Amino acid sequence: MTTVTTTPTSGEAEAVIIRRAQPWWQLLWRDKFACVAAVWLTVLAFCLIIGPELLGDTATQLNLRARNAVPGLENGPMWILGGDPLGRSLLARLIVGARNTISVALTAVFIAMTVGGTLGMVAGYVGKWVSHVIMRLADVVQSFPSLLLAVIVLYMLEPRVGNLIIVLATTRTPIYLRVTRAEVLEIRERVFVDASRALGSGRFHILRNHIAPIVAPTLLTIMTVDFASVMLSESGLSFLGIGIQPPAITWGLMVAQGRNYLAQAWWLAFFPGLMIMFATLSANILSSWLRLATDPVQRWRLETHKKEEDDK
Amino acid sequence: MNPSTPSPAAAGKKPILQVRGLTKHFGASGGFGLTSRSKVIRAVDGVSFDLYPGETLGLVGESGCGKSTVARTLLRLEEPTAGQALFDGKDIFTMDGAEMRNLRRRMQVIFQDPYASLNPRMRVEDIISEPWVIHPDVVPIDQRPDRVRDLLESVGLRRDHAERYPHQFSGGQLQRIGIARAMTLNPQVMICDEPVSALDLSIQAQVINLLEEIQDRHQIAYIFIAHDLSVVRHMSDRVAVMYLGRVAELGTERQVYGSPRHPYTKALLSAEPTINFTNEMQSRRILLQGEVPSPANPPSGCRFRTRCWKAEERCKVDIPELVVQSDGDGHVAACHFPEPLSTGPAH
């Protein structure tokens, strides 16, 4: 699979081992965990896109015989994961809920990353003064408990999905901002940045070509971890009645509602919780694979994986 | 280079770079710290020299004497505290954006650490063509891949190395890539900031030969910074010896190495390890007393007086100035009691 060549180098008696670059799907196939994660995320994406159209009616259809039904096949295949207190299919509700849950969390995290990353790069690279202004603003956001901030803002504004996303994104932004700034402060002192400056490059060129590619994997990793906490924050707000409102379905909301029945029907909170966990875990595994695959120095870890298996 | 060739200055050329009174103090502008205001590190304090087209000026001195700061300031990676650097008659330190961009093409740099000076996430092809992304009019886009590979061959690498990443190379090869990148804009002046200090001895020789070969082919002037006396001696037409942020002595390679005028140079040269080690040599070794003073609190008058065996009252008061002579061939020392100029050939 891997071509290992020993090259006679220019007058220097050193052997360098070269592996041919492999397409990304081969690298993904080598890492079985990442592969499973990718499949699971694809399934979720599928639910997100066509779930509500496919199962919208089933998710709201009452079946009083299946109130708090135990997971199993007694009430038909749709009730395999049990039923909620109104006898609605838990499976259908999980699938339909994927759209709201993931789109809210993903959008919020993505906005937080973009805004935080950009501001962090500016704060780290441009000037002392600009940096101070940005960092003090971040301090202001961070000095409020994020839930309190969300409650106040959503109470004053309408509790709409758009506002919810803005609030969640705002409270997460300082984390990305601080991490980015810290990394930029380190990278900007590296010699290759000096070399680029000596070649006459401007700030924008350096930020885009030298700093952003190194900061991006870190931000991606934080993003996947943050994904879960944003989902939980959203469920917390929904629980307080200022997040997503009850006719709509989200996993967080389902966990919150299932809490009342924890003693009688644990599956009401358990399965939505499991969904949140698996979604986060998959995103996390896939992002760490992506981090390796995009790093030329680390990529061999993925490439040699198969070779070791062949050797066995 | 061959010491018998006359220095370029003798041929009546005009200097391409004239540095006058270059000064860089760190920590001068304060900050948020409580201590930073009072401590000023005088890294470089009034350095002057001329650089002529096509020559190599060696800049030698102990670590911490300000060699690299001179390089970084000339490249405007650090802003100078005072002084002038006339490149072809225009002061580098007062240039505006457009002039600076133009200067970047004419003055390039090779760094000490070849691993750190190349972005680990970029392929060699992207590293070498980066200068053309910044200065797009130099080479049209469709010719860049070919030019990159030509450059790789000209520094002794293979054309297919363009596809690789920096971690797949050895230190010597990486330094060759660094040299190729510096060559992309066809500079007239190259600042080599300890280009071989991080390399193995055998590879040092190859890289030095490559640098000399490039100089012969393109007539580039080098400012060659090193702490290795023998490397500087081999490379340089003229040598400037630095001590504690100032130039102690300036002259041709033969003058400085053959008959040093400044006491510091004498002491430095006597400490150079030699293969012809005899008792006579040992007895001539000058052992200096004490340590190099801190650049935060340099001695008054002559910087070297605290360790100098010739020091007198006058050295405490008067700062000995180094007067760069316009003919470029002068052998000058910043000392009140310099050794007499030698007239005959050295050795």
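Which residues touch the most other members of the largest nonpolar core?

1. Of the 157 residues in the largest nonpolar core, those that touch the most other members are B:I191, B:I223, B:F224, B:V241 and B:V247. A nonpolar core is here a set of buried Ala, Val, Leu, Ile, Met, Phe, Trp, Tyr and Cys residues joined through C-beta atoms within 7 Å; a residue is buried if 20 or more other C-beta atoms, placed from the backbone, lie within 10 Å of its own. Helix 3 of chain A (residues 90–125) gives the most to this core, with 18 residues, helices being DSSP runs (H or I, at least four residues) and strands likewise (E, at least two), numbered from the N terminus.

2. This is a predicted model, in which local features need pLDDT of at least 70 and side-chain atom pairs count only at pLDDT 80 or more, whereas totals for chains, interfaces and linings use all residues. Residues are numbered from 1 along each chain as its sequence is written, and chains are lettered from A, and ligands numbered from 1, in the order in which they are written.

3. Between the chains, 24 residues of chain A are in contact with 30 residues of chain B, contact meaning that the C-beta atoms of two residues, placed from the backbone, lie within 7 Å. On the side of chain A that touches chain B, helix 7 (191–198) and helix 8 (203–239) of chain A each give two or more residues, and helix 7 of chain A gives the most, with 7 residues.

4. A:L219 is found in helix 8 of chain A and counts as buried because it has 22 C-beta neighbours inside 10 Å. Leaving aside neighbours within four places in sequence, A:L219 is in contact with A:M113, A:G117, A:Y176 and A:T180.

5. The axes of helix 3 and helix 6 (residues 161–187) of chain A come within 5 Å and cross at roughly 35°, where axes are lines fitted to C-alpha atoms over the stretch in contact and angles run from 0 to 180 degrees between N-to-C directions.

6. In chain B, helix 5 (residues 171–183) has 13 residues and reaches 18 Å from its first C-alpha to its last, close to the 18 Å expected at 1.5 Å a residue, that span being 1.5 Å times one less than the number of residues. Because 12 of its 13 residues are buried, helix 5 of chain B is largely enclosed by the rest of the structure. Its buried residues pack against strand 6 (107–110), helix 3 (124–134), helix 4 (144–154), strand 7 (189–193) and helix 6 (201–218) of chain B.
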